[in-house]
Amino acid sequence: MASVHKFALGSIAALALSAVAAPALAQQGLDEPFQKPFREALAGKTVAYVPVAMNFDLTEGWYAGLKKELEPYGVKFVIRDPNWNTNAGAQAVTSLISEKPAVMVIHNPDVQTYAKLLQRAENEGIYVIQINMGSAYRSSAFVGANWIEIGERQTEGVVKACQGKSNKIAIIQGALSAAASAYTLKGVENVLAKHPEIKVVSSQAADWDAAKAKAITQTVLKQNPDLCGIVGFWDGMDIGTAAAIKEAGLTGKVFLATSGGGERKGACELVKNGSFDLDMSYDVPTQAAQMAGTIKWLLSSGVKAGSVKGSEYTTLIPITRENADTQTACWNLSDLKK
């Protein structure tokens, strides 16, 4: 019993000492050991950005989002704008490899042109992040839409809208060699395989060009005035598709499904006015934040370029008349640039 009594007294004494010591300890901050090397890993590093072109919502939005996240840490940016010229893009990537930026963010025009160059870049110690349209080479990271899912969901919307109608649909593809176009087409085919009643009367490539999309659609509608739906592959291009539908007096009768980055003027406003019936958004600000987070991790981790390979597929936002007026469905480029 005596030993138990001593133990109890000792415990009480220890508790009392800890109670006295605790306030003193709480008044002293604890240095976080990882933030300093994190900042040092980013400060002064260069990120090189090669889009297919600037001056449209996707590429402008990605750039603004990256700058917002990374410039406060001292990251510098270099842009090489090929302006839709694939050869100029390849030359830009080649030149950048010799300049040795820490990271390259690449928007591929097709699956082959940059593939070997991107592999070379990572072999020389440059991290490569591919955005939305990937190449045949799998680099440190891919951030982008799941195009097969987009094709499936767009086509499901068109098939549903065609019930009780002619079941005739058209497909307006992008550039045939682009990953976004080829993979979206596979998604379309997956759904159509389950719906033999649907007849594809036209499947043509408009090469991401709104004027070409309009011309193709005009011809298709003249030949098939009872067309019930169109699957378009990019809303920037399908402005032309929508214009042809409107000129034919068929807005609201021909269901137009498309996809894009979700910028308000190019997506929500066009859904609200009836130009698009469904716009599958891959939400550019989220993609930019994902890229920035990946860049932070790569630079601070110290892993060798090309030694890790991962993908971040974007959670899609279907924009319809029901949510086009909400604040969360779309984003404003002007706000992202602030």
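Trainee: What makes β3 and β4 a pair, and in which sense, parallel or antiparallel?

Mentor: In this predicted model, strand β3 (residues 103-106) and strand β4 (residues 127-131) are joined by 4 bridges in the parallel sense. Two strands pair if there are at least two bridges between them, so β3 and β4 qualify. Within this pairing, V105 stands opposite I129 in β4.

Trainee: Which sheet holds these strands, and why are β2 and β11 called its edges?

Mentor: The sheet is open, with 6 strands in the order β2-β1-β3-β4-β5-β11 and parallel pairing. β2 (76-79) and β11 (310-313) each have a single partner strand, so one side of each lacks a neighbour in the sheet. From one strand to the next, the twist averages 20°. Helix α3 (residues 57-70) packs on the sheet and touches β1 (46-50), β2, β3 and β4.

Trainee: How do you know that the span of helix α6 agrees with its number of residues?

Mentor: α6 (residues 147-161) has 15 residues, which at 1.5 Å a residue should span 21 Å. Its end C-alpha atoms are 21 Å apart, so the two values agree.

Trainee: What do the buried residues of α6 pack against?

Mentor: They pack against β6 (168-173), α7 (179-192), β8 (229-232), β9 and β10. Among these buried residues are W147, I150 and G151.

Trainee: What makes β10 a partner of both β9 and β12?

Mentor: β10 pairs with β9 (residues 255-260) in the parallel sense over 4 bridges, and with β12 (residues 317-319) in the antiparallel sense over 3 bridges. The threshold is at least two bridges, so both pairings count. S281 of β10 is the bridge partner of G260, and I317 in β12 is the bridge partner of S281.

Conventions. Residues numbered from 1 in each chain as written. Predicted model: local features only at pLDDT ≥ 70, side-chain atom pairs only at ≥ 80, totals over all residues. Heavy atoms only, no water. Expected span 1.5 Å × (residues − 1). Buried < 20%, exposed > 50% of the residue type's maximum accessible area, 1.4 Å probe, protein only. Contact = heavy atoms within 4.5 Å. Axes fitted to C-alpha atoms, helices over the stretch in contact; angles between N-to-C directions.
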